[in-house]
Amino acid sequence: MSFCFNFDLPAQTTGPGDVDGNELQHGNKDHAVVSVEDGPKPAQPVKEASEHFPPSDPQFLLMDAIFETVTVGTLPPLHFLNETVFEKTASEREDSEKILSRTAEQKSDLISGVYEGGLKVWECTYDLLELIEKDGETFGGKAVLDLGCGAGLLGILALKRGASQVHFQDYNSTVIEQLTVPNVMLNCQEDDEVDSEDDKEGSGKGKMKEKDCSKKKAKGQKEVTENSPPPKKQAIDLAQHPLLTRCHFYSGDWSTFLALVLKADPPPKYDLIFTSETIYNTAYYPALHETLRKLLAPDGLVYLATKSHYFGVGGGLHLFETFVEQRDVFSVDHLWDGEEGLQRHVVVLRFKKSKDA
């Protein structure tokens with residue numbers, strides 16, 4: 001059985017003191033509970049980077065999976081593991097970092113330098129998805145980086161819309177192994193099912209099959225559908241799925257991630273870098289800026305979705321814009337500004353053109 005829920009995305013009427021469990025569950029990072037472990041901000045780098053590879057047998061990752069589907073306008077459906085189920089089964093999951101137990105014990109969505117919020121889909125991600133849908137970006141042949149990826153919805157969209165390679169990075173290895181990789185596999189599996197149905201019906205290769213509960217989305221709304229577990233018969237083949245072979249997965253802080261990927265020959269240059277709700281901590285701005293500077297292709301674009309200010313953490317768009325302006329490397333242009341409640345924004349960064357050009 002499927003259930004459809006519609007949410008009005010732009011509206012954000014909650015005040016700083018009106019936080020409850022539902023708000024945290026649905027990803028309002030501006031009011032996320034921050035652990036007392038925050039204290040003094042750690043010096044960078046703080047966490048060594050690693051590359052992660054999908055398991056040769058992904059059956060156990062998708063076993064009894066309960067997942068949600070988000071549909072935004074004409075974009076293909078995007079699947080991700082249900083957050084509530086994920087949290088309730090935390091004790092059954094591999095977690096060498098112990099972030100699942102620590103966040104549960106402390107009722108904390110953010111422990112600076114320990115856990116950076118990657119287990120939740122924060123609401124600005126949906127703002128960026130809506131902008132992509134409006135602009136009609138198809139990603140054909142482009143190299144894409146989903147920086148601070150969490151569930152990986154932005155990178156998964158790029159993958160399903162023709163990107164030649166998609167790299168996913170999150171601070172925590174547990175997030176990558178237990179959430180990002182399974183989410184990519186879920187979407188690869190659904191593509192197989194759609195292709196199979198299209199072949200049978202002669203409806204054209206690669207089209208997305210609309211789910212029964214899908215309705216035309218009104219502006220400012222997303223659809224979330226709760227789904228029963230997908231068929232398991234195809235899971236064993238996912239490790240060799242052609243979409244999955246275009247992906248690389250990394251964990252670690254931005255400084256060590258940058259050092260790791262720059263060892264490649266040739267080092268990657270990304271046409272598009274997506275990053276959502278990653279500028280909440282001003283201590284991380286230097287590492288983020290350097291990562292963008294070194295990895296963005298000369299004519300590439302960085303899409304940043306963010307809130308104006310993050311209460312209890314200290315960062316926000318104005319502070320980041322000031323930081324970027326002082327370094328005089330990127331220009332920042334506003335693509336969308338939400339006017340209701342605590343303001344949300346989508347901006348684009350690009351390299352400034354030389355005055356001699």
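**Aromatic rings and their surroundings**

Modeller: The chain has an accessible surface of about 16,000 Å², and carbon and sulfur atoms hold 51% of that area. Such areas are computed by the Shrake-Rupley method with a 1.4 Å probe, and for residues only the protein chains shown count as cover. The model is predicted, so that local features need pLDDT of at least 70 and side-chain atom pairs count only at pLDDT 80 or more, whereas totals for chains, interfaces and linings use all residues. Residues are numbered from 1 along each chain as its sequence is written, and side-chain values use heavy atoms, with hydrogens and water left out.

Of the 357 residues, 52% are buried, a term for a relative accessible area under 20%, while exposed means over 50% and partly exposed lies in between (1.4 Å probe, protein chains only).

The structure contains nine aromatic pairs. Two rings of Phe, Tyr or Trp (its six-membered ring) form a pair if their centres lie within 6.5 Å; planes under 30 degrees apart are stacked, over 60 edge-to-face, and the rest tilted. Among these pairs, phenylalanine 168 and phenylalanine 249 are stacked, because their ring centres are 5.2 Å apart and their planes meet at 10 degrees. Phenylalanine 168 belongs to strand E6 (residues 165-170) and phenylalanine 249 to strand E8 (residues 247-251), so that the pair links distant parts of the chain, 81 residues apart. Both phenylalanine 168 and phenylalanine 249 are buried.

A tilted pair is formed by phenylalanine 274 and tyrosine 303, because their centres lie 5.6 Å apart with the planes at 35 degrees. Phenylalanine 274 is in strand E9 (residues 270-276) and tyrosine 303 in strand E10, so this pair ties together parts that are 29 residues apart in sequence. Phenylalanine 274 counts as buried at 1% relative accessibility, and tyrosine 303 is buried at 14%.

Ring pairs also join Phe139 to Phe274 and Tyr303 in a cluster. Phenylalanine 139 is located in the loop between H5 and strand E5 (143-147) and is buried, with a relative accessible area of 0%. Its phi is near 70 degrees, a positive value in a residue other than glycine.

The loop between E9 and helix H9 (285-295) contains glutamate 277. Glutamate 277 is likewise buried, at 0% relative accessible area, and has a positive phi, near 55 degrees, in a residue other than glycine.

Serine 276 has a side chain in polar contact with the side chain of threonine 125, at 3.1 Å. A polar contact is a pair of N or O atoms within 3.5 Å; within protein, one must be able to donate a hydrogen and the other to accept it, and residues adjacent in sequence count only if both atoms are side-chain atoms. Threonine 125 lies in helix H5 (residues 124-135) and is buried, with a relative accessible area of 11%.

How values were computed: Helix = DSSP H or I, 4+ residues; strand = E, 2+ residues; numbered from the N terminus.
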